[in-house]
Amino acid sequence: MGVVASLPDRAWLEAVGDVDGVTTVVWDLEAPAPTQDIDLVVLPYMDASRTAPAVATVSARWVQLLSAGYENVARLLPEGPGLCNAAGVHDAATAELAVGLVIAALRGFDEHTRAQDRGEWLPRTFRPGLADRRVLLVGYGSIGRSIARRLAPFEVTLTAVASRRRGGDELVDVVHGIDELTVLLPEHDVVVLVVPGGDETAGLMDADALALLPDGALVVNVARGTVLDTEAVLSHAARLRFALDVTDPEPLPADHPLWSAPGVIVSPHVGGVTEAFRPRAVAMIRSQLARLAAGGEPEHLVRRPG
């Protein structure tokens with residue numbers, strides 16, 4: 001039979017189409033699997049955490065996520081299969097949203113929208129704008145670089161931070177280590193969080209870190225809600241601005257104070273949710289299947305088989 005892969009529904013099956021040496025089946029991980037031996041299980045995009053435990057009911061070699069984040073799913077999977085994330089699939093869409101949130105917050109789009117609902121023409125005031133801002137990217141993987149490429153033409157000063165200090169690229173002279181964050185925060189007007197989730201980054205931006213930012217600085221979170229301490233956001237909301245595509249908790253309850261906190265924009269975790277997603281995800285899945293059919297390993301490994 002060659003390589004066997006399961007896809008979450010028939011629409012994915014039809015979109016992926018035929019790949020030489022590969023048999024594809026539909027498995028939504030809700031009903032029993034159509035076969036017990038599956039080389040690659042593709043988890044549903046929006047329901048990966050909920051459905052991941054079902055992988056334990058089959059003999060699987062690899063599990064493929066349709067998201068870049070993987071920490072929450074990894075702990076729910078059995079130990080055997082290797083795990084791949086969807087590196088690159090969401091780069092453009094998430095970068096678009098990050099830049100959009102930066103501009104919306106700096107230029108006061110949230111205030112304009114609320115005034116439009118009231119039929120009110122606000123007085124013109126000088127706002128920070130993006131030109132000449134000092135932007136700190138906390139996280140400099142493929143999404144972080146995609147954000148940097150889109151921000152560079154806006155005439156900003158870019159600084160990048162990753163887990164370890166390393167050489168720069170065509171966008172930044174050097175990539176700073178996370179241990180330099182407390183020194184860098186006071187020197188920047190805009191901070192964009194795009195680090196992975198997990199224990200290592202939980203609470204990375206806490207009250208002490210926010211206190212280091214200059215008055216009026218903007219913090220944009222397109223990473224994970226746990227990276228930015230929610231209580232710290234509320235305590236600094238009058239002094240700083242925030243644009244949050246992810247929150248802790250998530251989804252945000254209707255009565256949560258973040259909704260009405262001054263200077264806070266909230267979008268409902270839509271960083272990767274554009275029409276660019278499916279064709280890019282399909283191309284990635286086809287590439288993974290072709291590699292398996294040729295006897296190789298899939299790309300974008302975040303956990304090797306156990």
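Let's start with alanine 52, which sits in the loop between H2 and S4. Helices here are DSSP runs of H or I with at least four residues, strands are runs of E with at least two, and both are numbered from the N terminus. Before I go on: this is a predicted model, where local features need pLDDT of at least 70 and side-chain atom pairs count only at pLDDT 80 or more, while totals for chains, interfaces and linings use all residues. Residues are numbered from 1 along each chain as its sequence is written, and side-chain values use heavy atoms, with hydrogens and water left out.

So, is alanine 52 buried or exposed? It counts as buried, because its relative accessibility is 0%. For the cut-offs, buried is under 20% relative accessible area, exposed is over 50%, and partly exposed is in between, using a 1.4 Å probe and protein chains only. What does alanine 52 touch, leaving aside neighbours within four places in sequence? Leu43, Val73, Leu76 and Leu77, where contact means heavy atoms within 4.5 Å. Take valine 73: its C-alpha is 6.5 Å from that of alanine 52, though the two are 21 residues apart along the chain.

One step back is threonine 51, in helix H2, residues 48–51. Threonine 51 is buried too, at 3% relative accessibility. A polar atom of its side chain lies 2.8 Å from the backbone oxygen of aspartate 47. Not counting residues up to four places away in sequence, threonine 51 touches Asp28, Leu29, Glu30, Leu43 and Pro44.

In general, side chains of opposite charge can pair when their charged atoms come close. How many salt bridges does a search of the whole structure find? It finds 13, counting a side-chain nitrogen of Lys or Arg within 4 Å of a carboxyl oxygen of Asp or Glu. In one of them, glutamate 30 pairs with arginine 50, with the closest N and O atoms 2.6 Å apart. That pair links distant parts of the chain, 20 residues apart: glutamate 30 is in the loop between strand S2 (22–26) and strand S3 (37–42), and arginine 50 is in helix H2. Glutamate 30 is partly exposed, at 48% relative accessible area.

Next, arginine 61 and aspartate 39 form a salt bridge, closest N and O atoms 3.1 Å apart. Arginine 61 is in strand S4 (residues 59–64) and aspartate 39 in strand S3, so this pair ties together parts 22 residues apart in sequence. Arginine 61 is partly exposed at 42%, whereas aspartate 39 is buried at 14%.

Aspartate 110 is buried at 10%, and arginine 114 is partly exposed at 44%. Through shared partners, salt bridges join Asp110, Glu111, Arg114, Arg127 and Arg241 into one network.

Now the inside. In soluble globular proteins, nonpolar side chains tend to be buried together. Which residues touch the most other members of the largest nonpolar core? Ile147, Leu151 and Val192, out of 31 residues. By core I mean a set of buried Ala, Val, Leu, Ile, Met, Phe, Trp, Tyr and Cys residues joined through side-chain atoms within 4.5 Å. Elements giving two or more residues to this core include helix H4 (91–107), helix H6 (142–151) and strand S10 (190–193). H4 gives the most, with nine residues. Beyond its neighbours within four places in sequence, isoleucine 147 contacts Ala95, Ala98, Val99, Leu137, Val192, Val194 and Val222. There is also a second, separate core of 28 residues, including Leu210, Val227, Ala237 and Phe242.

Most residues other than glycine have a negative phi, and most peptide bonds are trans. Here, a cis peptide bond joins aspartate 248 and proline 249, with omega about 10°, and another cis bond joins glutamate 250 and proline 251, with omega about 0°. Proline 249 is in the loop between strand S12 (241–244) and S13, and proline 251 is in the loop between S12 and S13. Glutamate 155, not a glycine, has a positive phi of about 65°. Glutamate 155 is in the loop between H6 and S7 and is exposed, at 58%.

Terms used: Polar contact = N/O pair within 3.5 Å; in protein donor to acceptor, adjacent residues only side chain to side chain.
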